[in-house]
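Subject: Structure handover

Hello,

Here is the structure for you to look through. My notes follow below it.

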Amino acid sequence: MSKITPDEVRRIAALANIGLEEAEIERMAAELDKIVGFVEQLQDVDTSDVPPTDQVTGLVDVVRPDEVRSDYTRDELLANAPDQQDGFFKVKRVL
Amino acid sequence: MSDLRRPLAELVAEVHSGKLSATQLVTASLEAIKQHEDYHAVLEVSEAALARAKAVDAQIKAGKDVGRLAGIPFIAKDNFLTHQTHTTAASNMLKPFKAPYQATAIEKLEAEGAIMVAKANLDAFAHGSSTENSDFGPTKNPVDPTRVPGGSSGGSAAAVALGLACFATGTDTGSSIRLPASFCGVVGMMPSYGLISRYGVVAMGSSFDTIGAMTNHTADMSLLIDIMADKDPKDATTVERAKSYVDNLDSDLKGKKIGLVKEYLGEGTDPGVKQVILAAVDKMKQAGAEVIDVSLPSAVELALASYYILIPAEVSSNLARYDGIRYGYSTADAKTLADTYLRSRDEGFGAEAKRRILIGTYVLSSGYYDAYYKQAQKVRTLLIREFEAVFKDVDLLVGPNAPMPAFKLGERTQDPLQMYLADICTVAVNLVGSTAISVPAGETQGLPVGVQLIAPQRGERALLGAAKAVEALLGAAV
């Protein structure tokens, strides 16, 4: 039975803020189902008493001084913005 | 253009002595790039390269020591941020983006006098094994243009193989340096996670991404690792380095214990690839290495399954920053803020980025997290234990980088899972955070095959020493 149905793709796409077209939803459902079918084999591995690994360096609590720096001007940082006004990022209305 | 394929140390010595100039090298590089445009290894040529070369030449004339890479032209994979030039990660999403700052790795190379001449093609956001996921079209394999160069650092590998520059930078999250190095017949190395700063490199899987390079010679690789490896206050995951990756490397295989990973030569392995690897292993034995068969039962399918849960999860998180507002692609026809997000991300991301974001969101979503994400993290622990156990018995591991040589363009694009399976001999190294190198070992049906050597975490000195020995044995040096 397929786990990733078109409805499931709609649910995930909404969570990920991607406005997929209807045709793409169908195609993605088929492709993702195959991928999830492959990774599913992990369920058979006995991992009781095995801790999860988040990172491999063993480093903990790496800190540096919390200093204010001004390496860039406002203009430099806004240079890549698709839309801007009066030195701010400009966005469409929220509602 | 064979000049650009000569060992870096020779070229740099000649630049310092005045026998060669930086301007000559950079000019040769720019001409080669132009001449080989058809391969689509390069996305953009640097306008500043010639001026930099002239500055280097002027400094040398003034008697200054310009550094260990004086005048050497190189190509940066286009997921390295390079100051005030386009950095696209080969994605439509970042097509308009000009980097306001620069990757630490690029800073280190330039500080030694190296000159960036161009940005290399890749699978968009480094998602892929063939460069066919580049939003700007694939790179062609230099040996056979009907085939892929491997990926994701395919542009970098092809560029080095074609002699477009003396070396190229790459990133390896699951196969992305070793696979293209193997497919194109160049040296490619991924150092241990954390050895080279990830600062200024477009993030893919932040607990996996490693920074490395492609070269024509293992000695060049030693030099580049020596230059780039450093603790970086801008990347909290960077680790302590060894004093040198160049001096006093042990390149004698006599008495070394090397494990031939049996799962990496399993049923699906191309017979020609197997033959090349076993012939390389024979030569290592003749040179005095003791080669034993070892088993890493989780290193193939289970590693790949774990990888293709953890990586999409990290990808979905890293790609959440592309919102169509601060930088990158933004849709033309949004009426509300929500539209801006939904449409920009739909239109700006290619199919593979979307697949990974969706899988990642799925495995992290409520109700699925424990079954998928956490289980994959636990399997990662099991894999680390397997490698640790094997490295109690052997100094190094050996195997292929992939079960097949370079495949045809289009051969695996219809089925994403088939593309993922190209990474089956490489992802385990990233999951455990150790280091590996691909050294050209021979060919099958006219296509290059590299041998993969794997060392324990932070075992770069042993790895580079052995790679030097293997290179000499196989006569792979150009």
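In what order do the elements of chain A run from the N terminus on? The order is α-α-α-β-β. That makes 3 helices and 2 strands in chain A. Please keep in mind that this is a predicted model.

Chain A overall

Chain A has a radius of gyration of 22 Å, whereas a compact globule of 95 residues would have one near 12 Å. Along the principal axes, its C-alpha atoms fill a box of roughly 55 × 45 × 20 Å. Of the 95 residues in chain A, 20% count as buried.

One backbone detail in chain A deserves a look. Asn17(A) is not a glycine, but its phi is positive, near 55 degrees. Asn17(A) sits in the loop between helix 1 (6-15) and helix 2 (22-39) of chain A. Asn17(A) has 19 other C-beta atoms within 10 Å, so it counts as partly exposed; the cut-off for buried is 20 or more.

Contacts between the chains

How many residues of each chain are in contact across the interface? The count is 45 residues of chain A and 56 residues of chain B. On the side of chain A that touches chain B, helix 1, helix 2 and helix 3 (74-78) each supply at least two residues. Helix 2 of chain A gives the largest share, 7 residues. By class, this side of chain A has 28 nonpolar, 9 polar and 8 charged residues.

The core and helix 9 of chain B

The largest nonpolar core has 189 residues. Among those with the most contacts inside it are Ile72(B), Phe74(B), Val117(B) and Leu453(B). Helix 9 (residues 301-318) of chain B gives the most to this core, with 11 residues. Helix 9 of chain B is mostly covered, with 15 of its 18 residues buried. From first C-alpha to last, helix 9 of chain B reaches 25 Å, close to the 26 Å expected at 1.5 Å a residue.

Strand 9 of chain B

Is strand 9 (residues 396-400) of chain B mostly covered or mostly uncovered? Mostly covered: 5 of its 5 residues are buried. Strand 9 of chain B pairs with strand 7 (residues 257-261) of chain B through 3 bridges, and the two run parallel. In that pair, Ile258(B) stands opposite Leu396(B). Strand 9 of chain B is also joined to strand 11 (residues 447-455) of chain B, by 4 bridges, and here the strands run antiparallel. Gly399(B) faces Gln452(B) across this second pair.

Leu453(B) links back to the core, as one of the residues with the most contacts inside it. Leaving out residues up to four places away in sequence, Leu453(B) touches several residues, including Leu396(B), Val398(B), Ile437(B), Leu463(B) and Val470(B).

The loop between strand 3 and helix 5 of chain B

Two backbone features fall in this stretch. A cis peptide bond joins Gly151(B) and Ser152(B), with omega about 5 degrees. Ser152(B) lies in the loop between strand 3 (115-120) and helix 5 (154-162) of chain B. Ala126(B) is found in the loop between strand 3 and helix 5 of chain B as well. Ala126(B) has a positive phi of about 70 degrees, although it is not a glycine. Is Ala126(B) buried or exposed? Ala126(B) is buried, because 29 other C-beta atoms lie within 10 Å.

Best regards

Definitions and conventions: Residues are numbered from 1 along each chain as its sequence is written. Chains are lettered from A and ligands numbered from 1 in the order in which they are written. This is a predicted model: local features need pLDDT of at least 70, side-chain atom pairs count only at pLDDT 80 or more; totals for chains, interfaces and linings use all residues. A residue is buried if 20 or more other C-beta atoms lie within 10 Å of its own, exposed if 12 or fewer, and partly exposed in between; C-beta atoms are placed from the backbone. Two strands pair if DSSP finds at least two bridges between them. A nonpolar core is a set of buried Ala, Val, Leu, Ile, Met, Phe, Trp, Tyr and Cys residues joined through C-beta atoms within 7 Å. Two residues are in contact if their C-beta atoms, placed from the backbone, lie within 7 Å. The expected span of a helix is 1.5 Å times one less than its number of residues. Ala, Val, Leu, Ile, Met, Phe, Trp, Tyr, Cys and Pro count as nonpolar, Asp, Glu, Lys and Arg as charged, and the others, Gly among them, as polar. The radius of gyration is taken over C-alpha atoms; the globule rule is 2.2 Å times the number of residues to the power 0.38.
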